[in-house]
Amino acid sequence: MDSKVAKSLADKLGVTSPKIVRKASELNRLCDVRCTSGSLSNLGLNETSRTVMCIELAATSLHHHVDRKEAIRLAGVSKKIYVSSYKTLETMLDLQQVHGMRDLAVQFGCIGAVDLAQDILSRYKSDYITRSGSDNDIDFSKPMFTLAALYTVCRHQKVKVDKTKMVATAGVKRSTFDQTCTDLEKYATQLIGDNKKTGKGKQKYWLDDLEKSFEEEEESPIKKKKTETTSDESGATDDYEEWKRKILEGASAATRKK
């Protein structure tokens, strides 16, 4: 297809990056090599619909979101045909992406949710295998599960993420994504509840360690020697005691608020 037409379609999809447009053109040319006209027609694709899909494939490979509804409209095909043809082209062009949890977390700006999301998914998978006796009928490596776990944690931690973009990346219906999040919810509640209990304990130990460090400093031979030498340093010690008291009171108040 003419490069001007391809750029025009890219603009309508909100893709203005020259890098993505060039990538889409490369994919289009690769289609000519790997896909026969017969195979494309069997997919229900014409040049326009193929170009739109190549633009989305290029954008996705470079971590740029494309509005799937607008892409389907521009392609002039049904949603069912678009999704199935898109997946077929993705396979033909060797563009299947391995969606690691950390990579997806970086993409959606929620790297802090990774550890907890991994724990949630691990418990979910373990329970599923216990109930069914096998995990052969379900692929837990699919981005739907990874993204649902990340989204569930983000919701608990009140971290804002683009849910619409997550659902699009997962490649499933919103209702399916929501149901998966619901299934993961109880594991999130359990783990986050356990972490809160552990966190309270850590805060207590932190205060104990802080007070202990002050006591050790007071008992150090150097300080004892100094306080015995001059009366001026007695005043300094009083200042130190007042400072220590304020630090401990402030830390204790902050812990109570939490």
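This is a predicted model: local features need pLDDT of at least 70, side-chain atom pairs count only at pLDDT 80 or more; totals for chains, interfaces and linings use all residues.
Colleague: What share of the contacts with a separation of 6 or more comes from residues 24 or more positions apart?

Modeller: Such residues account for 71% of those contacts.

Colleague: Let us turn to helix packing. What is used to describe two packed helices?

Modeller: Two packed helices are described by the angle between their axes and by the distance between those axes.

Colleague: Then at what angle do H4 and H6 cross?

Modeller: They cross at roughly 60 degrees, and their axes come within 10 Å. H4 and H6 are therefore oblique to each other. The crossing of H4 past H6 is right-handed.

Colleague: Which residues meet there?

Modeller: From H4, the residues are Arg50, Val52, Met53, Glu56, Leu57 and Thr60. They meet Tyr82, Ser85, Tyr86, Leu89 and Glu90 in H6. By class, this contact has six nonpolar, two polar and three charged residues.

Colleague: Glu56 is in that list. Is Glu56 buried or exposed?

Modeller: Glu56, which lies in helix H4 (residues 47-61), has a relative accessibility of 5% and so counts as buried. Leaving aside neighbours within four places in sequence, Glu56 is in contact with Val66, Arg68, Ala71, Tyr82 and Tyr86.

Colleague: Moving on to the aromatic residues, how many aromatic pairs are there?

Modeller: The count comes to seven aromatic pairs. One of them joins Tyr82 and Tyr86, whose ring centres are 6.2 Å apart and whose planes are at 15 degrees, so this pair is stacked.

Colleague: Where do Tyr82 and Tyr86 lie along their helix?

Modeller: Tyr82 and Tyr86 are four residues apart in helix H6 (residues 79-92), and they are therefore separated by about one helical turn. Tyr82 is buried at 0% relative accessibility, and Tyr86 is buried at 5%.

Colleague: What about Tyr128 and Phe140: why is that pair edge-to-face?

Modeller: The planes of the two rings are at 75 degrees, and so the pair is edge-to-face; the ring centres are 5.6 Å apart. Angles over 60 degrees count as edge-to-face.

Colleague: Which parts of the chain does the pair tie together?

Modeller: Tyr128 is in helix H8 (residues 114-132), whereas Phe140 is in the loop between H8 and H9, so the pair ties together parts that are twelve residues apart in sequence. Tyr128 counts as buried at 16% relative accessibility. Phe140 is buried as well, with a relative accessible area of 9%.

Colleague: Which residues form the aromatic cluster?

Modeller: Tyr124, Tyr128, Phe140, Phe145 and Tyr187 form one aromatic cluster.

Colleague: Which residues of H9 and H10 meet?

Modeller: Pro143, Met144, Leu147, Leu150 and Tyr151 in H9 meet Lys163, Met166, Thr169 and Ala170 in H10. The residues of this contact divide into seven nonpolar, one polar and one charged.

Colleague: What does Tyr151 touch?

Modeller: Not counting residues up to four places away in sequence, Tyr151 touches Val161, Lys163, Met166, Phe177 and Cys181. Tyr151 lies in helix H9 and is buried, with a relative accessible area of 15%. Tyr151 and Phe177 are 26 residues apart along the chain, and their C-alpha atoms are separated by 9.9 Å.

Colleague: Last topic: where does Thr180 lie?

Modeller: Thr180 lies in helix H11 (residues 174-218). Thr180 is buried, with a relative accessible area of 6%. Apart from neighbours within four places in sequence, Thr180 is in contact with Met144, Phe145 and Ala148.

Methods
Residues are numbered from 1 along each chain as its sequence is written. Side-chain values use heavy atoms; hydrogens and water are left out. Contact means heavy atoms within 4.5 Å. Helices (H or I, at least four residues) and strands (E, at least two) are DSSP runs, numbered from the N terminus. Ala, Val, Leu, Ile, Met, Phe, Trp, Tyr, Cys and Pro count as nonpolar, Asp, Glu, Lys and Arg as charged, and the others, Gly among them, as polar. Buried means under 20% relative accessible area, exposed over 50%, partly exposed in between (1.4 Å probe, protein chains only). Rings of Phe, Tyr and Trp (its six-membered ring) pair if their centres lie within 6.5 Å; planes under 30 degrees apart count as stacked, over 60 as edge-to-face and the rest as tilted. Axes are lines fitted to C-alpha atoms, for helices over the stretch in contact, and angles run from 0 to 180 degrees between N-to-C directions. Angles under 35 degrees count as roughly parallel, over 145 as roughly antiparallel, 65 to 115 as roughly perpendicular and the rest as oblique. A crossing is left-handed if the near helix is turned anticlockwise from the far one by less than a right angle, and right-handed if clockwise.
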